[in-house]
Protein chains: 2
Amino acid sequence: MATVSRVVNNNPNVKPQTRKKVFEAIERLGYRPNAVARGLASKKTTTVGVVIPDISNSIFAEIARGIEDIANMYHYNIILCNADKRKEKEIRVINTLLEKQVDGLLFMGGTVTEEHIQAFQTSAVPIVLCATRDEKGTYPSVDIDHETAAFDAVNTLIRHGHREIAMISGTLQDPANGYARFHGYKKALEAAGIEYQEDLVRIGNYRYESGVEAMKYFLGLKKKPTAIFAATDEMAIGAIHSIQDEGLKVPDDFSIISVDNIRMASMVRPLLTTVAQPMYDLGAVAMRLLTKLMKKETVENPRVILPHETILRLSVNHVNK
Amino acid sequence: MATVSRVVNNNPNVKPQTRKKVFEAIERLGYRPNAVARGLASKKTTTVGVVIPDISNSIFAEIARGIEDIANMYHYNIILCNADKRKEKEIRVINTLLEKQVDGLLFMGGTVTEEHIQAFQTSAVPIVLCATRDEKGTYPSVDIDHETAAFDAVNTLIRHGHREIAMISGTLQDPANGYARFHGYKKALEAAGIEYQEDLVRIGNYRYESGVEAMKYFLGLKKKPTAIFAATDEMAIGAIHSIQDEGLKVPDDFSIISVDNIRMASMVRPLLTTVAQPMYDLGAVAMRLLTKLMKKETVENPRVILPHETILRLSVNHVNK
DNA sequence: GAGCTACATCGTAAATGGTTACCGTCAAAT
DNA sequence: ATTTGACGGTAACCATTTACGATGTAGCTC
């Protein structure tokens, strides 16, 4: 038994000849190692748990691909759980993942509440947050700086001469895509000495349709904005179509910018100018960080902020006087 | 130990009072059942393996969501593996999934070759094919009828008076999205007495850019088609933009139809007319089928074909004479 | 009231399929 | 002959499930 274990695990203390015999027997018998028994004995499962809001959302799908690629590279498998940003579902899957003895946990979700922290604390294995953070900053995380990304987006509008800038925001309850991006918008206005006007911001739900709706509202205003900052590409594309459906043009009549850079941003007319968030890398870096933690390597900076980048395409123009 | 096992597993043979005591001890000790040990003893892991071509592809992401929802409903977890339709990677992940003692396997991939079959045959647990089939028909599967879907698409073009119908196809090596859809196109032409013309079909790679390219080619023809059938929505959208970039209009100058009905199809102008394939349901039904197989329930028809549906939107018009 | 049966409840121990510490053996080198 | 290192085998261990047996109690019969 021990010898078989050694050859299967590539332990060098086996004579080449007997190693060969073992391999032959493995082949002949169709033996397949049982990872569950192995996991029980070794206390390692080479699988990590991934809790994700919604795999059918292209942003998270892209992140997930980054996660899986790196996991695969280090010979881990991933157990994927959709939790729809619902707290009690998140807590539930964290617990079942921990029961399954995952070697590590990668968490993407909505707000990280006190209850999340409590669940995390029962874990004997490392946890890293991806595309979220706990405000206390006690857990390793990989994210972008949403506020600055939003600031940069609004700022490129300002640099193009716009001063009547509306925003299609997400819910302010959401700390990352919602509040932080909204706050970046406000700060950019402030830095440029532009007064914040409440009726120039509408709250959407990140999706296309809500972008369409929000834009309809702006189109109905007596004093219309000249540019729109949308918190997500999807809402921005909704806004573009809303404008086009009225016979108006982007960017001639309205400039549009957003943040995300989903694939679709370069599959619309006009091509969408947006602040790119490196989705694949968010996943890849988070997973890489987790592998280090699982190997108990010490990591210099466990809270990484990935850079964003403004991608100038065709939906932003200089304002027409 | 046995009693604890009984209360944890809801076995009725425990006095309510001792059940209570056990729960208290569990609470007090922070005991969490070890699913690995449980799996070893019970020979069940309540996890299923899912091999998928690419989770960042929105079609598969949508299918995966269907899979996970139903899995979750039946208290299974899923291990997700991207295999990029590459045979040796597919075989490899099948084997590691089987080593991990998954209770069932859900396979989505490219062609199901003889080697796949051999790998499948070493499995002690049920396997269902999703969005693929083995031509022998020996394994349970859930799919749509790609050929008829394509036939229907081309036929709605024909019913709108078109007779010069080009196709942007996928590779003919791919049995489902490629060959079957191409074959449906040919059959529809044939049924309408339209001669098949080789220079009216271009091979793409399913992606947006290849749709753009293919359309450029058609635009350069002396005798241009009046309508285009694209094998996928993405290529169709590429074609639309290719047309619009030349200052031409859809559907006035060209009618466009495709098959898939990805979310993006209703996020472009004009809204894309397409034959919808029920992606979420493909995953959900496949997983439901797998749960039945895992429970050793007998299933009436293990090879299910889900219906497709032509969704008339705005990219198809009657031909201009 | 004694004895018996049936049943509910609970504990014991084997089994699950590996890993690994430890020890023994053997051959080669000193 | 002794030491050393390579190699291989034994058995404990991992945390459960589960078959089986033990125990106790209630109800019944006579």
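Me: How many residues apart are B:Arg65 and B:Asp69 in helix H4 of chain B?
Reply: B:Arg65 and B:Asp69 are four residues apart in that helix, or about one helical turn (helices are DSSP runs of H or I, at least four residues, strands are E runs of at least two, and both are numbered from the N terminus). Their side chains meet in a salt bridge, 3.0 Å from N to O (a side-chain nitrogen of Lys or Arg within 4 Å of a carboxyl oxygen of Asp or Glu).

Me: What are the ground rules here?
Reply: This is a predicted model, where local features need pLDDT of at least 70, side-chain atom pairs count only at pLDDT 80 or more, and totals for chains, interfaces and linings use all residues. Residues are numbered from 1 along each chain as its sequence is written, chains are lettered from A and ligands numbered from 1 in the order in which they are written, and side-chain values use heavy atoms, without hydrogens and water.

Me: Is B:Arg65 buried or exposed?
Reply: B:Arg65 is buried at 9% relative accessibility, and B:Asp69 is buried at 18% (buried is under 20% relative accessible area, exposed over 50%, partly exposed in between, with a 1.4 Å probe and protein chains only).

Me: Which salt bridge partner does A:Arg65 have?
Reply: A:Arg65 pairs with B:Asp54 at 3.0 Å, N to O. A:Arg65 lies in helix H4 of chain A and B:Asp54 in a loop of chain B, so the pair joins two chains.

Me: How many salt bridges does the structure hold over all chains?
Reply: Over all chains there are 39.
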